[in-house]
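Open the model in your viewer and keep the selection tool at hand. This tour tells you what to pick and what is there.

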Amino acid sequence: MIVIEEIKGRKALKRFVQFQLELYRGVDAFVPPMIESEIDCLDPSKNPAFDFCEAVFFLASREGRLVGRAAGIINRHSNQRVGKEQCRFCYLDFIDDETVSRALLDKVSEWGRSKGMKEIVGPLGLTDLDYEGCLIKGFDQLCTSAELYNYAYYPKHFEAYGMRPEAYWNEYRMPMVDEVPEKHRRVAEISARRYGLRALKFTDSKILVERYGHRIFELYNQAYSEIYGFTPLTDRQIDYYINLYLPQVRLDLIRLIVDNDDNLLAFGIACPSLSRAQQKARGKMWPLGWFYLARAMYLTADSFLGRLLHGGTDTCDLLLIAVRPDMQGKGVNALLFTELIPQFKANGYKFVESNNELETNHKISNLWGDFDKNLHKRRCTFIKDL
């Protein structure tokens with residue numbers, strides 16, 4: 001018999017987060033989240049997304065053993081934007097047993113209907129900066145630290161529940177080029193001259209945060225406003241993400257593009273791959289998780305210290321690229337590449353991961369036309385009427 005329990009509080013959320021570590025034990029492609037950070041994301045007292053979202057969390061057990069988990073989410077801002085009454089599901093993990101997946105989806109659907117929702121859709125997190133999509137291709141490919149992993153049987157369970165695919169994401173892995181393609185270099189030079197553009201790089205995170213922190217996320221709101229599942233960040237969320245991310249990123253992997261009046265027109269933010277480091281950390285900062293993460297953040301696999309300390313990475317993850325809507329298609333992205341590619345090369349990275357890109361976001365997918373790209377992972381959301 002399947003028992004579904006609604007859980008609340010940080011202690012119970014820890015069980016909720018840790019379930020996936022047991023479910024995917026021994027799966028080389030799975031990257032565990034940092035447990036405390038994941039709990040903070042799901043804690044209404046910590047995450048300002050709960051100003052306009054509500055969520056419910058379920059654990060499924062059989063004979064006293066955990067066999068699944070699920071979260072139901074209602075994002076009121078998103079529903080208002082798209083004019084729909086949707087209940088999202090996310091953090092849905094289960095053993096290969098349809099009675100388990102059905103019981104969990106039934107619980108989320110029942111909760112959604114009790115709130116007046118007409119559709120269930122997911123996997124989608126609280127906001128666009130959270131997890132999106134069920135893996136449908138690349139089950140043997142290492143996830144990035146920004147992604148959820150799932151087994152190959154998940155899509156079959158969703159289809160058996162009567163759900164249909166809705167939106168798709170692609171992810172590319174690209175070998176590092178020896179130099180910036182001539183086409184990009186030429187377009188970047190023309191764009192810089194025509195619009196008075198210059199690239200900014202930083203050596204002081206305080207300057208980055210104080211002068212450009214809010215402007216980065218305000219530009220993000222503009223650039224991604226028409227993207228599927230997007231919800232504009234509120235001022236409280238912007239403050240939250242500034243404090244959470246910007247002081248910790250590698251400054252040499254950030255480029256901002258401004259005009260002569262210091263208006264922010266574009267930005268690119270990348271990060272060394274932390275996937276293997278998080279696997280070694282097993283979701284914990286202590287006792288050695290901090291060391292594994294620092295080693296991946298600042299060492300490359302082929303460097304002297306990387307070899308000496310048996311760590312480092314050869315891959316760089318692209319986290320966010322945004323161009324102000326009125327400047328899209330004017331070569332600004334080429335200027336970002338001419339700045340970032342030499343830095344990636346200088347750091348010793350051999351590969352670049354694009355992270356999730358919405359399939360209908362052609363402005364982003366067209367960026368890789370001149371690169372040797374490998375579409376190695378795909379994801380999609382599933383939807384059903386309630």
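The stops below cover a surface patch and then the cavities.

This is a predicted model, in which local features need pLDDT of at least 70 and side-chain atom pairs count only at pLDDT 80 or more, while totals for chains, interfaces and linings use all residues. Residues are numbered from 1 along each chain as its sequence is written, and side-chain values use heavy atoms, with hydrogens and water left out.

**Surface stop.** Select Met 285, Trp 286, Leu 288 and Trp 290. Together they form a nonpolar surface patch with about 470 Å² of accessible area (Shrake-Rupley method, 1.4 Å probe, only the protein chains shown counting as cover). Patch residues have over 30% relative accessible area and no salt bridge, and nonpolar side chains are joined within 5 Å.

Now go inside. How many cavities of 30 Å³ or more does the structure hold? There are three. A cavity is a set of points on a 1 Å grid over the protein atoms alone where a 1.4 Å probe fits but cannot get out; lining residues have an atom within 4 Å of a point. Volume is the space filled by probe spheres set on the points, joined across faces, edges and corners. The largest cavity holds about 110 Å³. Select Met 174, Met 176, Ile 341, Val 352 and Phe 371, the nearest to its centre among eleven lining residues.

**Second largest cavity.** Its volume is about 90 Å³. Select Leu 92, Pro 123, Leu 148, Asn 150 and Tyr 154, which lie nearest its centre among 13 lining residues.

Technical notes:
Patches are made of residues with over 30% relative accessible area and no salt bridge: like charges are joined within 9 Å, nonpolar side chains (Val, Leu, Ile, Met, Phe, Trp, Tyr) within 5 Å. A salt bridge is a side-chain nitrogen of Lys or Arg within 4 Å of a carboxyl oxygen of Asp or Glu. On a 1 Å grid over the protein atoms alone, a cavity is a set of points where a 1.4 Å probe fits but cannot get out, and a pocket is an open set with protein on both sides within 12 Å along at least five of seven lines; lining residues have an atom within 4 Å of a point.
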